[in-house]
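Have the sequence and the 3D view open as you read.

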There are 2 protein chains.
Amino acid sequence: MNTRETPGPGPRVTMIDIARHAGVSKSTVSLVLQASPLVKAETREKVVASIEQLGYVYNRGAANLRSARSNIVGMVINDLANPFFAELAVGMEHVFHTAGYIPFIANTTENPKRQAEVLRSMSEHDIAGLIICPARGTKPADIESLAGLSVPIVLAMRRLAGRKFSSVTPDNLRGARRATEHLIALGHKRIAFFGGYSDMIAQNDRCGGFQAALIAAGLPIEPDLIIEGPPNRECGLNAVGRVLDRAEPATAALCFNDVVAFGALSGLERRGLTAGRDFALVGFDDVSEARHTNPPLTTVHVDTAALGERAAHQVLRMIHGDTRPEEFVSDVDLVVRASCGAEGGRRQ
Amino acid sequence: MNTRETPGPGPRVTMIDIARHAGVSKSTVSLVLQASPLVKAETREKVVASIEQLGYVYNRGAANLRSARSNIVGMVINDLANPFFAELAVGMEHVFHTAGYIPFIANTTENPKRQAEVLRSMSEHDIAGLIICPARGTKPADIESLAGLSVPIVLAMRRLAGRKFSSVTPDNLRGARRATEHLIALGHKRIAFFGGYSDMIAQNDRCGGFQAALIAAGLPIEPDLIIEGPPNRECGLNAVGRVLDRAEPATAALCFNDVVAFGALSGLERRGLTAGRDFALVGFDDVSEARHTNPPLTTVHVDTAALGERAAHQVLRMIHGDTRPEEFVSDVDLVVRASCGAEGGRRQ
DNA sequence: TCTCGAATTTGGAACGTTCCAATTCATAGA
DNA sequence: TCTATGAATTGGAACGTTCCAAATTCGAGA
């Protein structure tokens, strides 16, 4: 009687088994699974009952073979341990989910080889669309191959020189410029930039905004105050030492992102210094932890969730046939907290 | 001459096309793709060249149809926005990656319906194994169905009553007990517990450890000092008010996890209070942000990456045929920082 | 040159679905 | 009762791979 919960790895239950069990043809079962209005309600119920009873699982591989229309979208993230990207991913997921797509996330940990494997695996699995935050060193060609397969692709956070891809990015240049202007207004003359590599476009933009502000204020650009490094805690931690142990120590720094700033916070602490009093520190991203650091971090606010949602909407638009690339740049905002030494927490 | 970079969505390139192009049979192409030692080097090269030239992508769906052996493993996470789970995921990924598996992550945001969809999608795609941090309210049966399919499953962080699944968890009970003992030793008598729901096993364990310590010290258990709620910032923020606005306010709290503690930190701040001076606060997990909060958070240290790695190794073991379930409980450690009011940062 | 075994290669039958054209079934109107 | 029409259902041919048994090629010894 109770055939359910068939245990063990017995041979896979197929549509044909269902058909036999329900006394219909495999075609009918297929129609039921596609919620076709063609089947009579009564028949549908019989079939559904059999499916339930035999514990059938749909084989999407086989289905895609005949008619490729997948409902999974890929999200390839370069650093999931960075809360910023986690927040970004959550924004994307929300949109995909309500649109009926299942997002699968893969983490590349900033490793192009791993990224290549992940992309390969995703394309082998016939994804409907892709959002990617490219790992450092990604070349347009690495992604091109997927695009050639006519998979809709949107770049998030990092654009790629060359071919026109759709992308969403915060206004890195403007954000960095504003942050730097703020530090200058507070009287700082030797301001450092921590983190990122000059071969990353995002770093170029942020560091570019930084330099633009210095130039506009008539301050010199001192190359050894620009400390390159991976965008992680470690980097910020080390950078502090570099700019403090020189003849003319820096008095402030703009960080490539909040995570670097967190590292810098540790670096200062380790030397017995306090951000905001002994050194002005500004981050970028405004991840949710930023307001809880010690001291709270002044940073460039990015509307992360909205950015993720925008990227997801772009992919959906492309999936639905509108393939024009769109480069979206979202506005940003400086949030002044204690780490830069400006008292008060007003938001400008 | 240059057939590469074939643009446009033209019909899919298949093994048969490669075979024709290279002047061999499809079987040979198949052998090449499986890196079989049977094919002559020379032939292999011809085939590889054709693959390269025509821009072929392997169709894993079709392959799985004939012989199911997938190289993707699923990781189903209940809250990716919680840095703890992000760190956990990173640990798992590392192991899978070096073992040649591609991990795909899905986020359920603690929503059982979404979890069901994700699990369904993953099983439809023929995963080789699965690690899941079950969403609140998950019933063994929800996962059972997958297990019936003989997919190796490991539960992470949250066990499930009933059937014997493999699992990895930190020693929640002991950790919570130690943390509570520490607060008691500092002289606190009215200690609250923030966050989690009593229908979550992890909460039972942590809250159980908390209560055990109270009882051992001869302190009463006051039900309205146990504030249930989702394990997020919001919850911690609100909980502070609840335990402070009563006739006999609590003077300390153990939080279900660090994220709840971060919220509690905000809650205190909002009332002009400082953790460590006006109220003792302890978290659980020791996410990497915990040392940077204001003040730094005393918390129960969990070796997150190791836990993730352990889970991944268990899945691999099961994939390789050893299906005995194993329940692994990892040791934990109290890390004393400033938020609990014990001066100094010694680690006990 | 012939023979034999080992080394390579190959055609065709699966695998579990979807799609199409065609069939069967019911119902209403004549 | 018969027919026409629309509603439901159905068989078989794909889809792109792997596996198997069988076929072919190669090289060395007789």
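B:E110 sits in the loop between β2 (102–107) and α6 (112–124) of chain B; helices (H or I, at least four residues) and strands (E, at least two) are DSSP runs, numbered from the N terminus. The phi of B:E110 is near 65°, a positive value in a residue other than glycine. Most residues other than glycine have a negative phi, and most peptide bonds are trans. With 21% relative accessibility, B:E110 counts as partly exposed; the scale here is buried under 20% relative accessible area, exposed over 50% and partly exposed in between (1.4 Å probe, protein chains only).

B:E110 also turns up among the contacts of B:P231, where contact means heavy atoms within 4.5 Å. B:P231 lies in the loop between β7 (226–227) and α10 (233–244) of chain B and is buried, at 13% relative accessibility. Leaving aside neighbours within four places in sequence, B:P231 touches B:F256, B:N257, B:V259 and B:V260 as well as B:E110. As for B:L155, 76 residues away along the chain, its C-alpha atom is 19 Å from that of B:P231.

## How to read the model

This is a predicted model: local features need pLDDT of at least 70, side-chain atom pairs count only at pLDDT 80 or more, and totals for chains, interfaces and linings use all residues. Residues are numbered from 1 along each chain as its sequence is written, chains are lettered from A and ligands numbered from 1 in the order in which they are written, and side-chain values use heavy atoms, with hydrogens and water left out.

## The overall form of chain A

What does chain A look like as a whole? It has 12 helices and 12 strands, and its C-alpha trace spans about 85 × 40 × 35 Å along the principal axes. Its radius of gyration is 26 Å, while a compact globule of 348 residues would have one near 20 Å (taken over C-alpha atoms; the globule rule is 2.2 Å times the number of residues to the power 0.38).

Of the 348 residues of chain A, 53% count as buried. Looking at contacts in chain A with a separation of 6 or more, 69% come from residues 24 or more positions apart.

## Where the chains meet

Now for the interface: 49 residues of chain A are in contact with 49 residues of chain B. Together the two chains bury about 4,500 Å², 55% of it on carbon and sulfur atoms; buried area is the accessible area (1.4 Å probe) that two parts lose on being put together, summed over both.

There are seven salt bridges between chain A and chain B, each a side-chain nitrogen of Lys or Arg within 4 Å of a carboxyl oxygen of Asp or Glu. A:D126 and B:R12 form a salt bridge through their side chains, at 3.7 Å from N to O. On the chain A side, α4 (60–66), α5 (83–98), β2 (102–107), α6 (112–124), α7 (140–148) and α11 (258–270) each supply at least two of the residues that touch chain B. The largest share, seven residues, comes from α6(A). By type, the chain A side divides into 21 nonpolar, 17 polar and 11 charged residues (Ala, Val, Leu, Ile, Met, Phe, Trp, Tyr, Cys and Pro count as nonpolar, Asp, Glu, Lys and Arg as charged, and the others, Gly among them, as polar).

## Two chain B residues at the interface

Across the interface, 11 residue pairs are in polar contact, both residues at pLDDT 80 or more. A polar contact is a pair of N or O atoms within 3.5 Å; within protein, one must be able to donate a hydrogen and the other to accept it, and residues adjacent in sequence count only if both atoms are side-chain atoms. The side chains of B:R60 and A:E124 make a polar contact of 2.6 Å. B:R60 belongs to helix α4 (residues 60–66) of chain B and is buried, with a relative accessible area of 15%. Not counting residues up to four places away in sequence, B:R60 touches A:E124, A:H125 and B:N71.

B:A86, in helix α5 (residues 83–98) of chain B, is buried at 4% relative accessibility. Beyond its neighbours within four places in sequence, B:A86 is in contact with A:L80 and B:L80.

Which peptide bond of chain A is cis? The one from A:N294 to A:P295, with omega near -5°. A:P295 is in the loop between β9 (280–285) and β10 (298–302) of chain A. In chain B, a cis peptide bond joins B:N294 and B:P295, with omega about -10°.

The loop between β9 and β10 of chain A also holds A:D286, which has a positive phi of about 55° although it is not a glycine. A:D286 counts as buried, at 10% relative accessibility.
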